[in-house]
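This report examines selected helices of a protein model. The sequence and structure are shown first.

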Amino acid sequence: MRYTIEKNLPVPMRDGVILAGDLYRPNEGGRFPVVVMRTPYNKEGFTQEWLYSDVEKWMESGYCLLIQDTRGCCRSEGVLISTGESEVEDGYDTVEWAAAQPWCDGNVGMYGLSYFGWTQYAAAEGRPPHLKAICPYMNASFLPFSVNEYKAVGGHHMYWLYGQALTRLDFLKMEDERRERIRRELKQNQERLGELLFSLPLKDTKAAKVDGVELLKDYIELVEGAEEEAFWRRGHHPIRLEDMETAMLHLTGWFDMAKDGTIRQYLAGKENPKIRDRQKLVVGPWFHGGALTDSIEDLYFGPEASGKAAKMDELMIRWMDCWLKQEENGISGEPDVLYFMLGKNVWKTAQAFPPENVQYETWYLDGGSDALTERMPGGSGSRQYLYDPQDPVRSDFKDSKGRQMTADLSEQEVREDILSFVSEPLKEGMAVTGEIKALLYAATSALDTDFVCRLTDVWPDGRIMGYTWGMCRARFRDGGFEPKLLRPGQELRLEISMGFTSAYFEKGHRIGLEVMSSFYPAFNRNTNSGEPSASAVECIRARQQVFYGADRPSALILPVEIS
């Protein structure tokens, strides 16, 4: 072994709390740049994924690694707050502490994904003088954790809290009998979370009421605060990229739940003149986590698709070499964007995202034939469906073969509350790269409701593949925090972002657009009552209308790559 490990180094924070970090440093001694990972998932297991596991490679490249348990996690003192309120100051203090140590040459970088992608953005927002570069992967930091721009709350937040509660349990000071009682209750609830989170009101869920586990109450604060501006302004607030001065290598995957946030963070960084030329973006065919595999379920993307084949671990080191060691290794002159095109299964590069060769095409909804057409339909009217909050469309749907991320959605489209519009079979292939949008003219019988749109690829054999989706909660359709309830039957014009993708629709395939009003548990159900999400109890069925035709031209807007 070519390195030394120093376990549980005490790192003092400005409020007196001590955070624990493990230091990995080359045996030859001396001063080196330091790369920091701040994780809530137990620093002992940071090497469990190949992307971060090769400590030898970092040592050979002349770096120290400092892996730290964040506040209130595992060996670190303090209280974990899932909104991340402490991460800006803790990140700043950790970076500056590391820079002052005798084994550091004064240059510090950070890396990690998901929550410990957020800890990098938080540290960078504080602008510690010695933080030179970060690699924030798979993280959405423009919005509070598990809340979207329409104040809808993701159900996965409680699953995350339960995982954290079980991980932290062995580190809490309590009698063994009480610890085991709590563990049993947590595990029993964890198996029933889908049922427990379905009950209303959300603020009274029994899942958050386990005696001795205060962390679970963060869910109540989240659902009550999601619609309050004061909650957004404190803690895990939208990061302020305009204040940052740190070089950033962003990475995500097309099947990553944080892909849209990661890409928007890259785009915002390009708007900041202080860091515009120090931004890179990588998007692969990957799901959330560091596995970065070449296949998902039964879809194989080819031998060059994996993170290993694309040498993502080496890319991180080259990024640090450039900004922490000031090496002229050519990375600054490489294209700013590296992205994988689904369907065609090739890597592509560009100097911007979306690429410079993108042109936007409009495909109109024709409710008379449930078609998507490049020409305005001759007739006009509406398609209708009934949305029942007690029977939502599932975001975690699995098809008959057990596939979820790549499920055959033709098995779900049998539902009467999903409208499906499809094009004719394409006469030649079409490459789509960028932000997908839907222009929806709609109405509802309720005081409030949701509209959800999903882009699909309809294969010649009938299989339907979902690529990306987006939603709008009507009472927050204009942004801001003041809900604007509807008059039943009021006509709406909604521009719905369906997020980003890069997908090739092969010749003979058809482009599809689904319209529905729920996507649970990806976000909480709209009860249609107009009540705040936290306290809503009355579920009302809503008659939904989607209009089409020249007067109300609902449409799908696609960013098409032109050769």
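## Basis

The model is predicted, with local features requiring pLDDT of at least 70 and side-chain atom pairs pLDDT 80 or more, while totals for chains, interfaces and linings use all residues. Residues are numbered from 1 along each chain as its sequence is written, and side-chain values use heavy atoms, without hydrogens and water.

## Packing of α3 and α4

Helices α3 (residues 87-99) and α4 (residues 115-125) pack at about 75 degrees, their axes lying 7 Å apart. That angle makes α3 roughly perpendicular to α4 (65 to 115 degrees). The contact (heavy atoms within 4.5 Å) involves Glu87, Val88, Gly91 and Tyr92 of α3, and Tyr115, Trp118, Thr119, Ala122, Ala123 and Glu125 of α4.

## Helix α6

Helix α6 (residues 176-191) has 16 residues and reaches 23 Å from its first C-alpha to its last, close to the 22 Å expected at 1.5 Å a residue (1.5 Å times one less than the number of residues). Its buried residues (under 20% relative accessible area, 1.4 Å probe, protein chains only) are Arg179, Ile182, Arg183, Leu186 and Asn189. They cover an arc of only 135 degrees around the axis, which puts them on the same side of α6.

These buried residues pack against α5 (156-168) and α7 (193-198). The face of α6 turned away from the buried side carries Glu177 and Glu191, which are exposed (over 50%).

## Helix α11

Of the 13 residues of α11, 11 are buried; among them are Asp313, Trp319 and Asp321. Gln326, which follows α11, has a positive phi near 60 degrees.

Technical notes:
Axes are lines fitted to C-alpha atoms, for helices over the stretch in contact, and angles run from 0 to 180 degrees between N-to-C directions. Helices (H or I, at least four residues) and strands (E, at least two) are DSSP runs, numbered from the N terminus. Angles under 35 degrees count as roughly parallel, over 145 as roughly antiparallel, 65 to 115 as roughly perpendicular and the rest as oblique. The arc is that of the directions from the helix axis to the C-beta atoms.
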